Amino acid sequence: MNSNYYSMPSYNGDYQNTAMDGVASMPGNYQGSQTNIIKNSKIPLTMEQSYIENILRLNKGKLATLYFSFPDSVEWRDKTFTGIIEAAGRDHVIVSDPKNGKWYLLLIIYLNYVEFEEKINYNPEFYPEI
C-alpha cells in the first residue's frame, strides 16, 4: 500500500474545539464510545444495519439468481450466478450451485438484484420502534 496516500490521522487524546471552516475536530480518545452506543441501543445486536443482507438471510436455502455487474472487468462486465443461498454477511453472500457443485463467495457491492422462483421471505420490521 502507498503509505503516502493512505495515511492514518493521529490524535493526542484530548478534544480540542479547533474549528476549521466551521467544522470541529473529532475527539481523540475513542475508547468505550462505540461500546456505550451499542449498550444503549434499542436495536437488537443480532441484526445488521443493512437490509439486503437480512433479506438474503431470511431466504437462506432458496434457489436464486443473482445479477452482478463488475464495472472494471472486460471479461465479466455483467454476470449471473444461480444457486442456493447458503449465507449472507454484511458485505457478501455465499451461493452454492447444485448443478456443478461450486460454491461462490460474492461481494454485495457488485450485486444489482436477485430473482427468486418462489415467494420471498421478507420482514419489514427488522428494527423495533425506538
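Colleague: In this predicted model, are F68 and F81 buried or exposed?

Modeller: Both F68 and F81 are buried, and that word is used for a residue with under 20% relative accessible area.

Colleague: How do you know that the rings of Y67 and Y113 are stacked?

Modeller: Their centres lie 4.3 Å apart and their planes meet at 15 degrees; since a pair needs centres within 6.5 Å and a stacked one needs planes under 30 degrees apart, the pair is therefore called stacked. This pair joins distant parts of the chain, with Y67 in strand β1 and Y113 in strand β5, 46 residues apart.

Colleague: Why is the pair of F68 and F81 called edge-to-face?

Modeller: The angle between the planes is 85 degrees, with 5.6 Å from centre to centre, and because planes over 60 degrees apart count as edge-to-face, the name applies to F68 and F81. Here strand β1 holds F68 and strand β2 holds F81, 13 residues apart. Ring pairs also link both residues into a cluster with F70, W76, Y104 and Y110.

Colleague: Why does Y110 count as partly exposed?

Modeller: Its relative accessibility is 32%, which lies between the 20% and 50% limits, so Y110 is neither buried nor exposed. Y110 sits in the loop between β4 (103-107) and β5, and together with L107 and I109 it makes a nonpolar surface patch of about 310 Å².

Note on methods:
Residues numbered from 1 in each chain as written. Predicted model: local features only at pLDDT ≥ 70, side-chain atom pairs only at ≥ 80, totals over all residues. Heavy atoms only, no water. Patch = residues over 30% accessible without salt bridge, like charges linked within 9 Å, V, L, I, M, F, W, Y side chains within 5 Å. Areas by Shrake-Rupley, 256 points an atom, 1.4 Å probe, with all protein chains shown as cover. Salt bridge = Lys/Arg side-chain N within 4 Å of Asp/Glu carboxyl O. Helix = DSSP H or I, 4+ residues; strand = E, 2+ residues; numbered from the N terminus. Buried < 20%, exposed > 50% of the residue type's maximum accessible area, 1.4 Å probe, protein only. Phe/Tyr/Trp six-rings, centres within 6.5 Å; stacked < 30°, edge-to-face > 60°.
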